[in-house]
Amino acid sequence: MDYDKLPDIPKEFFNSETKQPFSNCLVCECNLMEESQPYAIERAIRHYPEMALKSVVFEYALCAKCISQMENELSSETKMSIMKYFSENLDLSSRPKWQPAEDEDEEPIPFDVSEWIDSCSVKGVPRRELYEYTLCARCIGEKIIPEVVPYMISGLAQDDLVDLFSNKSLGFLDDFTDKHFSGPPEFKELFKGRPILV
Ligand SMILES: [Zn+2]
């Protein structure tokens with residue numbers, strides 16, 4: 001895929017503190033704007049529909065190298081169950097489409113991020129009705145790579161996923177949280193035991 005043809009990262013995936021794309025990997029701190037490897041963004045949002053209020057529970061970017069290192073830490077049992085869950089519950093054929101403008105016969109399909117994240121890709125529940133959800137995307141430099149992600153996963157689907165984690169994998173995630181999230185303890189507790197969906 002031609003880098004220049006990829007859509008710019010939409011603001012839904014910006015770092016909420018800088019209001020800009022994430023600049024560094026959470027773990028190795030490499031500069032994501034200069035790297036030629038892709039990276040994943042995950043943002044967990046708490047939503048209070050009655051008050052039209054949103055708060056960020058946690059958010060980060062992880063480079064491809066660190067993701068594959070993390071995956072090695074998860075038990076093969078956990079990885080298999082997660083793959084199985086997604087293959088049974090995520091309908092790939094119903095994901096939105098995106099097609100860059102080429103000078104061939106194919107009509108370009110513009111990228112509209114709301115189509116991709118406005119309902120839970122597993123449960124189908126609309127985002128405006130959810131109290132808790134996670135946004136995931138794959139990016140490279142300042143661009144987003146629309147394939148299966150970006151998507152939104154509701155708290156409901158995340159509860160299913162937590163149940164699929166083996167004790168060994170949950171232990172690894174707890175250690176990871178202790179090491180990388182220094183936020184308020186109540187947020188840390190929320191993150192603990194949450195599967196990383198990238
Ligand atoms: Zn990294």
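Residues count as buried when their relative accessible area is under 20%. The views below are taken from a predicted model.

**View A. Buried face of helix α1 (residues 64-73).** Cys 66, Ile 67 and Met 70 are the residues of this helix shown as buried. Seen down the axis of α1, the buried residues fall within an arc of 105°, so they line one face of the helix. Their packing partners are β1 (39-48), β2 (53-63) and α5 (167-180). Lys 65 and Asn 72, on the other side of α1, are exposed. An α-helix has 3.6 residues a turn, so residues three or four places apart point the same way.

**View B. Packing of helix α2 (residues 76-89) with helix α4 (residues 155-164).** The axes of α2 and α4 lie 9 Å apart and form an angle of about 150°. Because angles over 145 degrees count as roughly antiparallel, α2 is described as roughly antiparallel to α4. The crossing of α2 past α4 is right-handed. From α2, the contact is made by Thr 78, Ser 81, Ile 82, Tyr 85 and Phe 86; α4 contributes Ala 157, Asp 160, Leu 161 and Leu 164. Classified by residue type, the contact of α2 with α4 comprises 6 nonpolar, 2 polar and 1 charged residues.

View C. Neighbours within four places in sequence are left aside in listing the contacts of Ser 154, which are with Cys 120, Lys 123, Leu 130, Glu 132 and Tyr 133.

Definitions and conventions: Residues are numbered from 1 along each chain as its sequence is written. This is a predicted model: local features need pLDDT of at least 70, side-chain atom pairs count only at pLDDT 80 or more; totals for chains, interfaces and linings use all residues. Side-chain values use heavy atoms; hydrogens and water are left out. Contact means heavy atoms within 4.5 Å. Axes are lines fitted to C-alpha atoms, for helices over the stretch in contact, and angles run from 0 to 180 degrees between N-to-C directions. Helices (H or I, at least four residues) and strands (E, at least two) are DSSP runs, numbered from the N terminus. Angles under 35 degrees count as roughly parallel, over 145 as roughly antiparallel, 65 to 115 as roughly perpendicular and the rest as oblique. A crossing is left-handed if the near helix is turned anticlockwise from the far one by less than a right angle, and right-handed if clockwise. Ala, Val, Leu, Ile, Met, Phe, Trp, Tyr, Cys and Pro count as nonpolar, Asp, Glu, Lys and Arg as charged, and the others, Gly among them, as polar. Buried means under 20% relative accessible area, exposed over 50%, partly exposed in between (1.4 Å probe, protein chains only). The arc is that of the directions from the helix axis to the C-beta atoms.
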